[in-house]
Number of protein chains: 2
Amino acid sequence: MIVTIIGTGLIGGSMALTLKEKGFATKVIGVDASEQHLSQALALGIIDEAHSLQNAVTQSDLIIIATPINAAENLLPQILDIATSQVVMDVGSTKNNICMIVEAHPKRGRFVATHPMWGTEYSGPEAAVNNAFTDKATVICSKEASDPDAAALVEQVYQTLGMHLLYMEAAAHDVHVAYISHISHITSFALANTVLEKEREEDAIFELASGGFESTVRLAKSNPSMWVPILMQNKENVLDVLNEHISQLRKFKASLEKEDPDYLLELIEKANGIKRILK
Amino acid sequence: MIVTIIGTGLIGGSMALTLKEKGFATKVIGVDASEQHLSQALALGIIDEAHSLQNAVTQSDLIIIATPINAAENLLPQILDIATSQVVMDVGSTKNNICMIVEAHPKRGRFVATHPMWGTEYSGPEAAVNNAFTDKATVICSKEASDPDAAALVEQVYQTLGMHLLYMEAAAHDVHVAYISHISHITSFALANTVLEKEREEDAIFELASGGFESTVRLAKSNPSMWVPILMQNKENVLDVLNEHISQLRKFKASLEKEDPDYLLELIEKANGIKRILK
């Protein structure tokens with residue numbers, strides 16, 4: 001099967017590597033706005049050929065859109081216009097808007113909206129890794145809007161990547177990811193800015209920083225061109241969660257200001273409840 | 001050398017394992033308020049014998065206080081009262097208060113104030129691991145207040161554990177750890193409470209939660225009996241950092257409310273600056 005990857009970075013590149021290795025893709029074509037990324041992806045063996053969008057789509061069986069979500073929303077209608085029997089999937093972190101954009105497209109059935117739950121704070125073809133998705137979850141949204149053969153092919157893609165499949169409505173997906181992904185990124189960005197703003201002795205941070213700091217701040221290295229569109233687009237949900245988060249932080253603040261160790265203990269014991277859902 | 005570990009949990013237990021393995025400690029005596037922890041520590045080979053505080057101190061060359069900081073502050077003056085030529089060190093996460101408490105003690109010189117920068121979200125003897133401290137940093141505070149032979153012995157302890165040594169005044173230490181450790185714990189606790197408060201579908205979190213969520217929330221599993229005293233005691237510094245952090249979060253909130261992608265981009269690009277200090 002010939003597969004086109006649009007956006008040859010962390011997610012698209014990692015998918016290409018595994019789909020080729022497993023023999024699912026006999027040829028991978030790369031499409032990317034960045035000439036540099038295309039050269040790197042060719043050099044790293046992530047893609048076999050680079051083509052224009054039109055050429056790539058017409059000769060492929062499957063098109064995977066793995067660009068930032070604002071670019072994906074621009075590209076998807078164009079790709080569906082070109083497509084005949086091809087299957088088109090995206091991998092973006094928000095799902096409601098992209099589904100609405102093509103809701104009335106005559107070839108909506110060829111599109112499958114998905115979100116594999118894996119990523120790192122790194123980006124670009126050099127960040128791509130084989131077998132990245134193994135044992136992670138992936139979401140297929142509003143499956144009933146896709147043609148059965150298109151949904152089945154995409155399920156096969158994710159089975160090949162070793163992922164387990166979850167099904168959700170696009171709007172429900174966007175609420176959940178605000179809690180389990182988007183707010184984590186905002187708190188990391190804000191934590192990085194807190195430290196960079198006030199702690200002038202960067203050498204001290206560098207020397208002292210332990211595992212706890214690194215794990216809460218590492219997401220702050222994430223790529224802005226990916227995250228600005230995600231947070232902007234999911235802003236209603238993200239603002240709900242962010243307001244709640246600020247109000248939770250204010251409780252910690254109050255417990256310290258009032259020198260109330262019992263209240264602080266109650267807050268921390270409640271937080272320990274996360275053990276129920278994180279092993 | 002005979003070493004007493006007071007508090008046979010994550011930190012004390014991990015130290016004991018390595019000091020024994022390297023031959024630095026020929027015998028490790030455990031002292032713990034919890035009978036259960038003492039039995040576990042004996043069964044796991046972390047300690048060789050369990051004794052009362054008085055008995056343990058009198059027959060030891062080195063006493064390591066590895067209890068929560070409020071207990072350490074109670075114990076330290078008692079131990080210095082009993083001690084003759086023994087060396088006493090603590091490993092607590094705040095340093096200013098414990099140094100002030102024994103400032104005028106006639107045997108202040110036998111005490112060395114330290115803070116090894118390692119820990120996990122787990123606690124108790126079963127969480128202890130050998131070689132936990134290798135290549136991490138440790139801080140020795142206000143070294144000039146310790147007798148030269150006492151400081152030299154503690155430096156030898158940390159060299160045996162494979163750590164690199166940093167020297168700081170106690171008050172400066174407490175400011176730095178507010179930034180690189182205490183605020184990370186508060187944001188994790190608050191993030192856990194945010195999710196537990198509002199996201200009723202725990203199954204969805206469990207299934208969707210990816211590496212990013214896990215890394216920002218894992219510290220929320222941390223032991224309250226350790227963290228309540230730390231945060232209470234360092235509250236002046238922690239409140240400074242927490243106020244700054246809330247104001248940084250408000251900037252993200254404003255960028256979303258005003259639908260201002262340029263401002264959001266600026267905030268995220270600034271946060272990316274953390275790459276300078278985290279590899």
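Helix 12 of chain A and helix 7 of chain B are roughly perpendicular to each other, a label for angles of 65 to 115 degrees. Welcome to a predicted model, in which local features need pLDDT of at least 70 and side-chain atom pairs count only at pLDDT 80 or more, while totals for chains, interfaces and linings use all residues. Residues are numbered from 1 along each chain as its sequence is written, and chains are lettered from A and ligands numbered from 1 in the order in which they are written.

**The helix pair**
- Helix 12 (residues 261-271) of chain A packs against helix 7 (residues 170-198) of chain B at an angle of about 65 degrees, and their axes are 8 Å apart.
- Axes here are lines fitted to C-alpha atoms, for helices over the stretch in contact, with angles from 0 to 180 degrees between N-to-C directions.
- Helices are DSSP runs (H or I, at least four residues) and strands are E runs of at least two, numbered from the N terminus.
- On the chain A side, the contact uses Leu267(A), Ile268(A), Lys270(A) and Ala271(A); helix 7 of chain B brings Phe189(B), Ala192(B), Asn193(B) and Leu196(B).
- Contact means that the C-beta atoms of two residues, placed from the backbone, lie within 7 Å.
- Ala, Val, Leu, Ile, Met, Phe, Trp, Tyr, Cys and Pro count as nonpolar, Asp, Glu, Lys and Arg as charged, and the others, Gly among them, as polar.

**The interface between chains**
- Across the interface, 79 residues of chain B are in contact with 80 residues of chain A.
- Helix 7 of chain B gives the largest share of the chain B side, 20 residues.
- That side of chain B divides into 45 nonpolar, 17 polar and 17 charged residues.
- The copies meet through the same surface, because 100% of the interface residues of chain B are also interface residues in chain A.

**Symmetry**
- Chain B superposes on chain A by a rotation of 180 degrees with 0.0 Å of shift along its axis (RMSD 0.0 Å), fitted by least squares on the C-alpha atoms of residues with pLDDT of at least 70 in both.
- The two copies are thus related as by a two-fold rotation axis.
- In chain B, Thr216(B) has the C-alpha nearest the axis, 2.2 Å from it.

**Domains of chain A**
- Chain A is assigned domain 1 (2-169) and domain 2 (173-276), with bounds from an automatic or database domain assignment.
- The centres of these two domains, taken over C-alpha atoms, are 31 Å apart.
- Each domain of chain A gives 15 residues to their contact.

Methods:
Angles under 35 degrees count as roughly parallel, over 145 as roughly antiparallel, 65 to 115 as roughly perpendicular and the rest as oblique.
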